[in-house]
Amino acid sequence: MVGKKSGKALLREEGLQRTDNGMKQSSWPEIQMINQKNYYTDYMKRDDQHLALRLQNEANRDRMIRNAKDKDRALAMGAEGELDEDESMNNDGLDATKIIVIHPGSQNMRIGFASDALPKTIPMAIAEKWPINESQDVEPRPKRQKLDVTPEQQFGEEFAKKFTKMSNDLKVDMRANKRKVLPNSKELVVNYNRRIEPEKIPEHNDPMRIEWTDISKDDPEDVSSYFTGMEALRIPDDSKPKYKVHWPIQHGCLHENDYMSASHLINDLESFIESALRKELGLNRSGEWPQYSCVVVIPDLYDKKYVEQILELCMKEFEFKQVAFIQESLAATYGAGYSTACIVDIGAQKTSICCVEDGMCIEDSRINLKYGGFDVTETFLKMMLFDHFPYQDINLKRRYDFLLAEELKTNFCTMDQALISTQLYDFHLRAPNQPTRKYQFKTYDEVILAPMGFFDPSIFDNSEKLAGRRKYIERSYNAYDPEMPDDPTSAAQLAILTSIKPSLATTANGFTLNGNGNMDVATPSKEKPNPLNFFRNDSEANGNSRVTSAAGSPAPEGANTPVPSGPYVFGANGTNGGSPGPGGTTFQFGNGSHNSGTPNPPPGMFVDPLARTQKDFANERDAVLPIAPLDIAINTSIMHAVKGEEKKTKDFYGGIMVIGGGAKTPGLGPFLEDRLKKLRPDLAAKQENLQVGTSPREMDGQVVVWKGASVFARMKTHESWVGPLEYERLGSRVLTTKVLWNY
Ligand SMILES: Nc1ncnc2c1ncn2[C@@H]1O[C@H](COP(=O)(O)OP(=O)(O)OP(=O)(O)O)[C@@H](O)[C@H]1O
């Protein structure tokens, strides 16, 4: 029987093709069928796509066979059940005492076994014999603009103005908070400090005298020997022979500016880790290292070349059994035991912010700012020197002065307004081969204004933070397209950079990103709009001023493109309900930006031939120093994480965790919370909607990342380990299948 379609079915079919007014029913693009004749895919055809899986399966099979054999043996011996799972797992390299966890940092490296409760912390410094030491090599820090002038003049007019303004603003704020403000506190401090002469104490009478590093056992002719950590920092500056201290990592990146060649830098990194393995972990014989697995913590916005370099060191030099990587923020959530949080990690020279949800970093929320606790130390000294600090010769490039300055900052800086009054303190200056000198000095608002730099980073000296970057080590490019930079970037980071350099809002290929994160087609070059118009139209027209003039950040090109100045205001009148869009000044930039940072133009669209290439765009982006007030940066990060979802907004604002050494500044948490509440008054009403906390269970905020990495190291379920066989076959390409995120 020949079937007939029902009337309804016929109508339905017709309806799909046309409607009464002849228009299509859906605006979804029609997807053409793939022509099977010409169809090609390399999915699961390349070695790197299935090698990891194959090796994993082989390992599982071996383990099952081994377990079965063990069970048979146990049965034969009549001891069934005695073999517990943990015991059998020990054979698979998951014995925590055989896993090394390393967290390198700009100032400190943390290292330990995954079984340790706490890591060892070592200053990440290495000293080698050198014709001159570091304080002779570069000018003193804080950088004095003029010498032989009064202390108030030595840092230049701009600093003087800025410091005075911050001082006045603080007074106003303190009065508004009903705190006592005496009119002459500053004069009292200055008058006291300028009169002080140090009291000399003979070294043998100083009970706290420092044991300087004994270099007599180091052969002066042996150029390959070195000291690391505190030993390096305690080598007398005037030693014979002289030593120079290098810091292989600065601002969270390889410190190219400190070296004459890439190989020297990498050698130092290797020597530093090697010395930590020997001295701190007691693994003296290199023959032992292949028995150990290693987990390395890397930044959220890492440089691929850096990760690949570490992988190479671990595989080829240390010959570890296997290596795994974890990102800092993710590790922090493991350490704290949270599944969802906004992690704010204030280190020595970088601050990273990232929203983590269900065990994954939200890629577009990652932000990496180039400031941290070291900037507070330097600024505190600058402010104290300005106020006639009695030890005017202090120089952060001298080892003993650096240690002293860190001590002063840690002991006296606070963000608690209640503690701000004229205070009398003392310190001991201990320098090698000199009598100890005891100084007294007074402080007033310097102790709070220096850490307030986190919220007004133009007070920091940002002038040389990008110096020497990519001097030797090029950025990473896509293996199949050598013109396509492929270091990870994020929409939130780009928003920060764009707020400093608005021309970055135009992507490579000439596409302008609008406030919705969509691309506007570029007009031909002659009529190409000034990129700043984008901001004027979308932001300033809405009454939101934007953009900072963060000191040290390059200004946009062209005299006719002035940087709009003024405070950062994100969100419409500060009440943007978490949805970035044209109404606010939060910008959401394209999807899939983790690859190149800029979306590719949609097919068929006009591409301006004169527009920048992806490489130009990356160059331009890399030339901008990412600096923004901490509260603004957190807001930007969360906005890019939640993409307008109200529940998520509350989850992240309600779970901000500040960690890292810089976050130990007393009063920082409540101060930050207060600032965020002013930025987001819509969330401020309920305490649980906006909360800033530190690491739980009184865990030291400096080690929570390491702790989390050690938890990760002990997990039996993840498949992130890279073994020598995979590395030998695939090289660094193995990371694509082995890390938890898009590599
Ligand atoms: N109690 C404290 N109060 C204030 N600051 C502190 C305190 N303890 C440590 N710091 C500061 O913390 C910083 C070091 O922090 P941390 O060890 O987290 O940095 P890092 O991991 O080496 O750096 P980065 O994250 O930049 O790579 C230093 O600037 C130090 O002065």
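**Overall make-up**

The structure is a predicted model. Its chain has 743 residues, of which 54% are buried, and the secondary structure comes to 23 helices and 21 strands. Among contacts between residues at least 6 apart in sequence, 73% join residues at least 24 apart.

To the contact, domain 1 gives 16 residues and domain 2 gives eleven residues.

The values for this interface are collected below.

| Property of the domain 1 and domain 2 interface | Value |
|---|---|
| Area buried between domain 1 and domain 2 | about 1,100 Å² |
| Share of the buried area on carbon and sulfur atoms | 54% |
| Salt bridges across the interface | two salt bridges |
| Polar contacts, both residues at pLDDT 80 or more | six residue pairs |

On the side of domain 1, the residues that lose the most area to domain 2 are Gln107, Leu233 and Asp237, which together account for 43% of what that side buries. Asp237 also takes part in a salt bridge, in which its side chain meets that of Arg399 at 4.0 Å, N to O. The elements that give two or more residues to the side of domain 1 touching domain 2 are α4 (134-137), α7 (229-233) and β7 (243-246). By residue class, that side of domain 1 divides into eight nonpolar, three polar and five charged residues.

**Helix α21**

Helix α21 spans residues 704-714, and because nine of its eleven residues are buried, the helix is largely enclosed by the rest of the structure. The buried residues are Val704, Val705, Trp706, Lys707, Gly708, Ala709, Ser710, Phe712 and Ala713, a list that includes the charged residue Lys707.

**Ser275 in helix α8**

Ser275 lies in helix α8, which covers residues 262-279. With a relative accessible area of 10%, Ser275 falls under the 20% cut-off and is therefore buried. When residues up to four places away in sequence are not counted, Ser275 touches Tyr226, Thr228 and Glu280.

Notes
Residues numbered from 1 in each chain as written. Predicted model: local features only at pLDDT ≥ 70, side-chain atom pairs only at ≥ 80, totals over all residues. Heavy atoms only, no water. Contact = heavy atoms within 4.5 Å. Buried area = accessible area lost by both parts, 1.4 Å probe. Polar contact = N/O pair within 3.5 Å; in protein donor to acceptor, adjacent residues only side chain to side chain. Helix = DSSP H or I, 4+ residues; strand = E, 2+ residues; numbered from the N terminus. Buried < 20%, exposed > 50% of the residue type's maximum accessible area, 1.4 Å probe, protein only.
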